[in-house]
Amino acid sequence: MLISLQNINKTYTGDAENVVAVDDVSLSVDAGEFVAVVGPSGCGKTTLLLVAGGLLGPDGGEVSVDDIDPYSLSTEQRARFRAERIGFVFQQFHLVPYLNVLDNVMAPALVTGDPAARERADSLIERFGLGKRVGHRPGQLSTGERQRVALARALLNEPRVILADEPTGNLDGENSQEVLQTLQSFAQQGGAVLLVTHDPDAVAFAERQVVLSSGRIAENQG
Amino acid sequence: MKISRLIVQEIAHRFLNFVLAVTGVSIAVACLVASVTMIDAGEIQSEQLVAQRQQEVKDAGKKLNDEMRKITKGLGFNIVVLAEDEDIAAFHAQGAPTRTMPQDYVTRLANSEIVVINHLLPIVTRKVEWTEKKKTIVLTGTRGEVPQAHRDPKKPLLDLVPKGKVVLGYQLHHPDKLKPGSKLTINGRALEVAKCHAERGTVDDVTAWVNLEEAQDMLGMQNLVNAILALECNCATIDRVAEIRGEIAKVLPGTQVLERGRKALARAEARNKAKKTADAALESAEESGRQIIESRKAQANVLVPLAVIGSFAWIVLLAVGNARQRRGEIGILRAIGLGSRHVLVLFLGKALLVGLVGGGIGYVAGYMVGTGYSEPVQESLFDLNWLLIALLMAPALSAAASWLPALVAAGQDPAVVLQEQ
């Protein structure tokens, strides 16, 4: 099991009231599996993704990614763990605005210092059709190109898991298809994909669909 | 890709932020370097001024000494040794001695070990009628200075008048427009004018100086002198003259010693006073230099800390602004695996670069301002130590000011940032 979330609880403490974002959720994603988490806004989808990604410690429950509990690691170790094992793709792309395509793709290699990273980056850039845009900055790219850069960055360190939060939210149909096919392909090659989305077309690419409602799993169907 | 590339790319992207930070550091460093340069320039300038004043005092003293020599010479010297039977009242009335002494008196005096007199000049002098011109003159014969046996040779205060030559006082050459080279006859002796003195307003104006032997011959006073002039170089006190009298009496008992040179004494006192005034001026120049330096140091003591504190605060503000601006970027970099250590390096690396560039620019600017606002000095004001200090301290200042914002940025929770966005 590449992703294992057991009885996860997460509550946000506010001045006026506490908000229960995730309430006793258990979810597993196996190697080669593409799972879509759907549900209305504020149902806890993104919180669940952040917990799985080692970015947001749960109040209760157990997390395991590639057989390691990221929250048992120190902050620095957890950061390196993310760099090596997890690829993130976001709706807003989150590219570094002053770095060109190549440097953005290479950013995760700052942590690993892997000398083969450059070769992989070039390969990914070619694969995503960004060869002629390699020196361009995010502001000079189309939205589809930006998301492809983000995908290439997510794949650079050959992670075991990809966590995608509404990756097609800002894309047209053609670009959405390309992104989803990439995620599907990643899963087919033995990786685990956990996709959070509203997009029904995106859900169609997943092998399994988990519906969240008010922080709880309302439906889990394969 | 390396962190350094990320730092450089970010600087290029937010160049204004970098320029503003560099400006802040530059101003602080420039204030420090300009102050130091101005203080250094002040010290050098003060030293040069003092050296210049010292030279002026030395030159003025030398000039006064020369004047003293001339004045003393013109007055007929400081001490005059007269014959035992000389009537002092008649001497003063006549303006010249009337009695004689053997010429070997001067040899005895020269061979004695008297140390209080420096120059001995035997003369024979007498008021005579210049028959060719029908005027009364003082005819003085001098042989120049007699070397003292126990002394090193000194520059003579009165030159030897060669045989056949005559030196004329003002009233003797001026009416007839005589010049050096003119021929004349004094009481039947043909002479050539060697030198013409300017007007002195003393008996010298009616004096004709000839060679001693020639004068003795003209006056019929072979091997006789009627005065020995003794030039006492340290003629600063009356007591000293009394001392000289005592010393001479031991060698030439019975001779009379008169002090001649009250005017010279007055000039000596004036010279001493002038020297004291010059010394006081020198001290004043030194004090003035010290005050300028102290004043500049006092200014620097206020200006430099203010500039450093201001610069520090300015960099803190810019770093806080930069950290806030880069919140999203840092959040995503943390999410994809950069540790807080990497984020610290990102911020502090930039701060060090800001300090290094600011230190360099600040040093150049400060040096130019410092030299521009100082009086020109001959020595170079460039100080490698201060350049090194600027290049070390400025990055340290910049890093220290950026430390807290960098720490806050490094401690940023990526989950919070991602949720916000």
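Let's start with a residue in a loop. B:N223 has 11 C-beta neighbours inside 10 Å, so it counts as exposed, the limit for that label being 12 or fewer. And please keep in mind that this is a predicted model. Where does B:N223 lie? In chain B, in the loop between helix 6, residues 212–219, and strand 9, residues 224–225. The backbone there is worth a look: B:N223 is not a glycine, yet its phi is positive, about 60°.

A:D67 isn't a glycine either, and its phi is positive at about 70°. A:D67 lies in the loop between strand 4, which is 60–65, and helix 2 of chain A. Buried or exposed, then, for A:D67? Exposed, with 9 other C-beta atoms within 10 Å.

Now, how the two chains meet. The contact draws 25 residues from chain A and 24 residues from chain B. On the chain A side, the elements giving two or more residues are helix 1 (45–52), helix 2 (75–85), helix 3 (101–106) and helix 4 (109–112). Which of these gives the most? That's helix 2 of chain A, with six residues. If you sort the chain A side by class, you get 16 nonpolar, four polar and five charged residues.

Over to the helices of chain B. Take helix 10, residues 340–372, and helix 11, residues 384–410: their axes come within 7 Å and cross at roughly 150°. Anything over 145 degrees goes down as roughly antiparallel, so that's the label for helix 10 of chain B against helix 11 of chain B. The crossing of these two helices of chain B is right-handed. And what's in the contact of helix 10 with helix 11 of chain B, by class? There are 21 nonpolar and eight polar residues, and no charged ones.

Last stop, the other end of the numbering: helix 1 of chain B, residues 3–13. Which of its residues are buried? B:L6, B:E10 and B:I11. Looking down the axis of helix 1 of chain B, those buried residues fall within an arc of 130°, so they line one face of the helix.

Methods. Residues numbered from 1 in each chain as written. Chains lettered and ligands numbered in written order. Predicted model: local features only at pLDDT ≥ 70, side-chain atom pairs only at ≥ 80, totals over all residues. Contact = placed C-beta atoms within 7 Å. Helix = DSSP H or I, 4+ residues; strand = E, 2+ residues; numbered from the N terminus. Nonpolar A, V, L, I, M, F, W, Y, C, P; charged D, E, K, R; others polar. Axes fitted to C-alpha atoms, helices over the stretch in contact; angles between N-to-C directions. Parallel < 35°, antiparallel > 145°, perpendicular 65-115°, else oblique. Left-handed = near helix turned anticlockwise from the far one by under 90°. Buried ≥ 20, exposed ≤ 12 C-beta atoms within 10 Å, placed from the backbone. Arc of directions from axis to C-beta.
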